[in-house]
Amino acid sequence: MRTVKDPQERRSELLATAMRLFAEEGYDNVSVRAVARAAGVAPGLAYHYFDSKQNLFAAAIRDYSQRCAERICAILDDRELSLDEKLERAIDAGADHGSFPHADYFHAEGNGALHDRLSLGMCEAVQPHLRAALELDALQRGEASADAGELATLMVYGCVGLASGAGMPDGAAVAAAKRYSGALVAEFRSGGAQPTER
């Protein structure tokens, strides 16, 4: 008997299966048909969602980066935490590569471009959540948050560069990410006040 699933659920299953197969077997050894077979669906259904292997792979990376960012986003959205606690925990979560399935695949030699693509996808997912956390911090202090978007972008892309490079997690790089993030937040909280002229 055929199981009928919600289209979004079916698409998510195909993407998760595709990511697993790409990580286990490599891009060249996986086809849309192989993903369909592993997911237990007809190839025509897989092609209905993804008309080519390239599109399937791009969507799988996008979906995977969103899933990898979920824990970081949840920390940034936690209203019980101060902004400083959020940043500390979010950086730790981002540097904890053991919590990401397929981490070995993205950190394998020769997969630097894929790792960069994953990192950028995570940045795109996290940035709006960090922006909201910065805006909430400013609101709670009764201050304006005009630069929150720019600061969130600077911090997210900077932290990813420090905390997700080759050989990570590296304690010194993670500590630097926390230190510089703290300095940027201190500047944000100061309202960018200029020193008084003498």
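A cavity, on a 1 Å grid over the protein atoms alone, is a set of points where a 1.4 Å probe fits but cannot get out, and lining residues have an atom within 4 Å of a point. Points join across faces, edges and corners, and the volume is the space filled by probe spheres set on them.

This is a predicted model, where local features need pLDDT of at least 70 and side-chain atom pairs count only at pLDDT 80 or more, while totals for chains, interfaces and linings use all residues. Residues are numbered from 1 along each chain as its sequence is written, and side-chain values use heavy atoms, leaving out hydrogens and water.

**View A. The second largest cavity.** Its volume is about 30 Å³. Around it sit Leu81, Ser82, Leu83, Lys86, Ala133, Leu136, Asp137 and Gln140.

**View B. The largest nonpolar core.** Here 51 residues come together, and Met19, Phe22, Leu56, Phe106, Leu130 and Leu134 have the most contacts inside the core. Such a core is a set of buried Ala, Val, Leu, Ile, Met, Phe, Trp, Tyr and Cys residues joined through side-chain atoms within 4.5 Å; buried means under 20% relative accessible area, with a 1.4 Å probe and protein chains only. Helix 4 gives the most to this core, 12 residues.

**View C. Thr17 in helix 1**. Thr17 is buried, at 11% relative accessible area. Beyond residues up to four places away in sequence, Thr17 touches Val35, Ala38 and Ala39, contact meaning heavy atoms within 4.5 Å.

Note on methods. Buried < 20%, exposed > 50% of the residue type's maximum accessible area, 1.4 Å probe, protein only. Helix = DSSP H or I, 4+ residues; strand = E, 2+ residues; numbered from the N terminus. 1 Å grid on protein atoms, 1.4 Å probe; cavity = no way out; pocket = protein on both sides within 12 Å on 5 of 7 lines; lining within 4 Å.
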